[in-house]
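Here's a quick briefing on how the parts of this protein meet, and on what sits around one of its ligands. Have a look at the structure first.

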Amino acid sequence: MTVKNEATTDLKSAKSQKTTEDFAKYFQPPSLKDAKKRGKEDVRVHYDFGIPEEMQGIGKGKHYLIRTYGCQMNEHDSETIAGILEQMGYSSTEDEMEADVVLFNTCAIRENAEDKVFGELGHMKRIKKNNPNLILGVCGCMSQEESVVNKILKSYPQVDLIFGTHNIHRLPVLLRDAMFSKEMVIEVWSKEGDIIENMPKVREGNIKAWVNIMYGCDKFCTYCIVPYTRGKERSRRPEDVIAEVRELARQGYKEIMLLGQNVNAYGKDFEDIKYGFGDLLDEIRKIDIPRVRFTTSHPRDFDDHLIEVLAKGGNLMEQIHLPVQSGSTEVLKKMARKYTREHYLELVRKIKAAIPHAALTTDIIVGFPGETEEQFQETLSLVEEVGYDFAYTFMYSPREGTPAAEMADSVPEEVKKDRLHRLMEVQNRISKEKNLALQNQIVEVLIEGESKTNPDVLAGRTRTGKLVHLSGDKSLIGTLVNVRITEAKTWTLWGEIVAKVEV
Ligand code: SAH
Ligand code: SF4
Ligand code: F3S
């Protein structure tokens with residue numbers, strides 16, 4: 001079993017070089033074309049991560065700061081990066097002026113996500129001037145893009161280190177190179193690497209924890225950059241996932257969120273066992289952890305067995321994030337989502353029949369190339385028909401290298417904005433109606449902490465994932481309580497505790 005990283009770039013480029021052409025002589029940038037290839041090689045699983053001897057303790061008395069953009073996958077990667085840095089002796093800081101290492105863990109999903117990062121990188125120039133020994137690094141999905149790496153080389157010389165999503169485990173070595181050389185260190189693998197199992201993690205908080213079940217995505221929706229930045233679908237072995245969940249339960253975590261770009265495809269890459277996401281959930285269901293959630297489900301792979309397992313309830317929460325993207329079959333086809341409006345609605349009907357109290361949430365893109373007003377109306381009518389509890393809504397943003405970026409971006413910005421606005425109006429009304437239906441009902445809430453806006457108020461979530469504010473003693477944080485909903489707003493609920501839940 002071998003895994004080749006043919007497109008590995010492990011090159012340093014001299015900051016003194018002026019043009020991209022010069023860099024190209026000894027710098028092989030990441031390639032979206034290579035990232036698109038899906039090889040047949042097995043993925044090896046490694047259990048032997050360690051900090052090289054010469055880097056042990058190198059961060060003693062020093063501080064790191066990680067700025068994270070993008071999805072939960074990236075948030076969780078930042079926990080791993082923090083784990084590696086802490087194993088090297090670094091401690092965390094929120095103060096840029098105090099930091100010795102600043103890493104930007106970036107997201108490439110839409111143009112505005114990237115613009116934000118470039119803005120912040122610009123601002124780091126001043127900080128770097130104050131502290132020339134500061135190591136400034138860029139990692140995450142943007143690093144996987146050739147155009148981004150070239151732009152950084154050309155216009156952001158304050159950056160010392162660029163690494164990608166597939167080689168996080170190489171951070172100690174890369175950091176060493178960045179420290180001891182005057183040159184920008186760039187290592188981005190266009191092709192996915194192996195699965196590294198035992199990397200350390202510094203988790204945020206001690207109530208909820210993220211657990212990766214798979215990496216990458218093979219769906220290649222035509223608008224989406226993720227299959228290029230995250231590589232092919234690779235599932236973690238069930239025994240490794242289960243061991244991690246058991247350990248989190250033992251440590252007293254109350255909720256886990258299973259992560260994958262397309263969790264329903266879990267296990268499809270196993271050649272030795274027939275084992276899918278439904279099987280995994282059926283085992284995790286038996287572990288003594290109060291709450292289990294997962295994200296994201298692709299409608300195409302959502303099978304009956306999975307619905308059957310979810311219907312067993314228990315610690316499997318009644319919250320299903322099921323991105324639809326569009327209500328028009330024609331648009332879905334152009335997006336290569338591989339389902340029709342009817343198939344999606346039938347799936348929703350089955351889910352609702354099996355899990356009557358399930359809250360459904362979704363992602364929707366407006367203004368996909370060629371989307372007509374009629375096709376947009378189909379999205380609005382689907383939203384009404386399904387009755388989502390919440391929707392994440394986006395204006396289409398062309399991503400270089402994806403097939404949709406080759407299609408004429410025909411919907412004017414103003415029209416995209418108008419459609420987004422109309423969609424949000426419809427969804428907000430539905431969200432409010434759904435919340436109002438909970439008034440006076442008693443729901444189970446996990447108290448997760450203080451409210452972000454008022455430290456005198458507690459905040460928690462229902463089984464369906466809705467935010468509830470309530471008053472109570474701080475000692476209740478981390479416990480399950482039954483709450484009567486007293487007030488329902490569009491995005492939040494208010495309630496009063498009626499009883500503690502025995503677990
Ligand atoms: N794997 C998840 C989604 C990951 S990206 C899934 O398939 O559901 C999160 C959301 O960003 C997507 O669901 C989509 O709605 C949105 N998105 C992705 N690419 C986009 C683009 N180019 N422009 C606008 N929104 C996009
Ligand atoms: Fe992107 Fe589609 Fe994969 Fe989701 S399933 S990450 S939208 S390509
Ligand atoms: Fe963004 Fe990468 Fe996640 S592009 S949405 S951080 S997988």
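In this predicted model, 11 residue pairs are in polar contact between domain 2 and domain 3, counting pairs with both residues at pLDDT 80 or more.

**What the domain 2 side is made of**
- Sorted by class, the residues of domain 2 that touch domain 3 come out as eight charged, seven polar and six nonpolar.
- The interface of domain 2 and domain 3 has three salt bridges.
- Lys-466 pairs up with Asp-389 in a salt bridge, with 2.7 Å between the closest N and O atoms.

**Extent of the interface**
- In terms of contacts, 21 residues of domain 2 meet 18 residues of domain 3.
- About 1400 Å² is buried between domain 2 and domain 3, with 48% of it on carbon and sulfur atoms.
- Lys-254, Arg-291 and Asn-435 lose the most area on the domain 2 side, together 40% of what that side buries.
- Taken over C-alpha atoms, the centres of domain 2 and domain 3 are 26 Å apart.

**Domains and ligand 3**
- The protein splits into domain 1 (2-28 + 36-187), domain 2 (210-436) and domain 3 (442-500).
- Ligand 3 lies between domain 1 and domain 2, because both give residues to its shell.
- Residues around ligand 3 include Cys-71, Cys-107, Cys-141, Arg-230 and Gln-261.
- That shell around ligand 3 counts six nonpolar, two polar and one charged residues.

Conventions
Residues numbered from 1 in each chain as written. Chains lettered and ligands numbered in written order. Predicted model: local features only at pLDDT ≥ 70, side-chain atom pairs only at ≥ 80, totals over all residues. Heavy atoms only, no water. Near = heavy atom within 4 Å. Nonpolar A, V, L, I, M, F, W, Y, C, P; charged D, E, K, R; others polar. Domains from an automatic or database assignment. Contact = heavy atoms within 4.5 Å. Buried area = accessible area lost by both parts, 1.4 Å probe. Salt bridge = Lys/Arg side-chain N within 4 Å of Asp/Glu carboxyl O. Polar contact = N/O pair within 3.5 Å; in protein donor to acceptor, adjacent residues only side chain to side chain.
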